[in-house]
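Try each task by yourself, then read through its solution.

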Amino acid sequence: MALPSLPRRSAPCLRALAAALVICCIALGVLASPSQTPGAHAEENCGSPLQCLDFTSLSNGRVLDVQNGSLGDGAFIVTNTAPGHHQSWRLNVDPADSSFSIVNNATGKCVDIGWPALRQQTCRGQQSQQWYFQPVSGATDVFMIRNESDHSCLDLIAGAQYDDAWTGLSSCHGRANQQWSTVPEARNLAVEHAARRCQKDASTCSWAAKSETPAAPLPTVCASSVWFNNTSGPITQTFGVQKTTGWSNSLSLKMSGGLTSGDLTELAFKVTLGLEGQITQVWSGSESVNNQVTVPVPAGQYGWVTLSVLATKVTGTWTFDARGLPWTAEDTVTVPLKGSAAGGATHYIANTHPDFTPCA
């Protein structure tokens with residue numbers, strides 16, 4: 001039996017309905033596919049780009065993931081084609097040096113060193129779970145991811161070109177299987193970490209200075225224990241102090257008037273100490289005094305030793321990881337001054353007072 005034909009006047013209505021459906025579907029598609037920063041998960045409620053991001057291997061184009069979507073400790077960290085299992089990560093950043101742990105947003109576990117592959121483990125803050133970024137030259141969002149334990153790089157084992165490819169740790173060479181694309185904000189963490197490392201070990205960096213501030217002491221910190229003389233007479237107490245082999249040190253009873261800068265060429269230094277009292281001891285490198293300082297402590301007073309490193313702020317072009325795979329950044333970094341013996345200038349200060357004063 002033939003089906004009845006629709007009245008001719010129904011055709012415009014059907015065309016209008018079809019057009020409305022197309023517009024509706026386009027609108028829904030726009031809502032479902034928002035623009036997003038490369039490496040970020042825009043569909044998640046992120047406090048910042050570093051709280052939900054992904055890592056894409058430049059070697060195989062796949063994304064860092066947890067094998068088989070496991071929630072347990074010991075699951076291998078692999079790369080999979082998106083959308084994968086658990087490919088959203090956050091960085092728990094240590095403000096002291098801008099290193100971080102890499103935490104999976106689905107499992108709450110950290111990327112950790114393992115054998116034969118990296119694994120997810122309960123986050124414990126240990127060094128094997130701490131990482132830092134190093135930028136790859138010529139890109140704004142591509143980085144090597146290095147481990148704090150030995151500065152090795154997170155890599156795609158053998159550059160595997162398939163899903164569930166294992167990740168591991170090996171000496172840094174900077175080729176594609178050690179390159180990971182993520183959010184551009186990672187560069188800030190890279191610069192901050194490299195600057196802190198430079199402050200601790202000037203051999204890891206070099207610089208072309210555009211400007212420098214005069215030499216000045218960094219905030220004092222405690223360098224010894226605190227001892228109280230509860231006798232009726234003065235006693236000379238020996239304090240063990242932090243080791244600073246190769247640095248030029250001077251010990252004073254009390255500093256007043258601060259420091260003045262002299263020749264800062266090549267960050268060499270000459271300083272004049274305004275002293276209240278007299279210099280009790282001067283030496284080059286604490287090895288010469290066996291890491292000990294003697295302080296005459298009056299009766300009924302506390303005695304302790306503080307130290308302050310002389311430093312200057314250098315603004316310019318910095319080369320970081322100078323002994324490995326160098327990279328550059330424009331930055332201002334506070335660095336210890338280099339003395340003739342190399343390394344810096346640390347001033348030990350003997351303190352005595354009826355009341356203990358915190359070393360801040």
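**Exercise 1.** Find how many helices and strands the protein has.

*Solution.* The protein has two helices and 25 strands; these are DSSP runs numbered from the N terminus, with helices being H or I of at least four residues and strands E of at least two. This is a predicted model, where local features need pLDDT of at least 70, side-chain atom pairs count only at pLDDT 80 or more, and totals for chains, interfaces and linings use all residues. Residues are numbered from 1 along each chain as its sequence is written, and side-chain values use heavy atoms, leaving out hydrogens and water.

**Exercise 2.** Work out which residues have the most contacts inside the largest nonpolar core.

*Solution.* Start with the term: such a core is a set of buried Ala, Val, Leu, Ile, Met, Phe, Trp, Tyr and Cys residues joined through side-chain atoms within 4.5 Å. Buried means under 20% relative accessible area (1.4 Å probe, protein chains only). The largest core has 35 residues, and Phe55, Trp89, Leu91, Ile102, Phe133 and Phe320 have the most contacts inside it. Next, look at the suppliers: strand 4 (89-93) and strand 23 (302-320) are among the elements that each give at least two residues. Helix 2 gives the most, with seven residues.

**Exercise 3.** Decide whether Thr204 is buried or exposed.

*Solution.* First locate Thr204, in the loop between helix 2 and strand 13 (205-212). Its relative accessible area is 5%, so Thr204 is buried. Finally, list its contacts (heavy atoms within 4.5 Å): beyond neighbours within four places in sequence, they include Arg197, Cys198, Phe320 and Arg323.

Methods
Buried means under 20% relative accessible area, exposed over 50%, partly exposed in between (1.4 Å probe, protein chains only).
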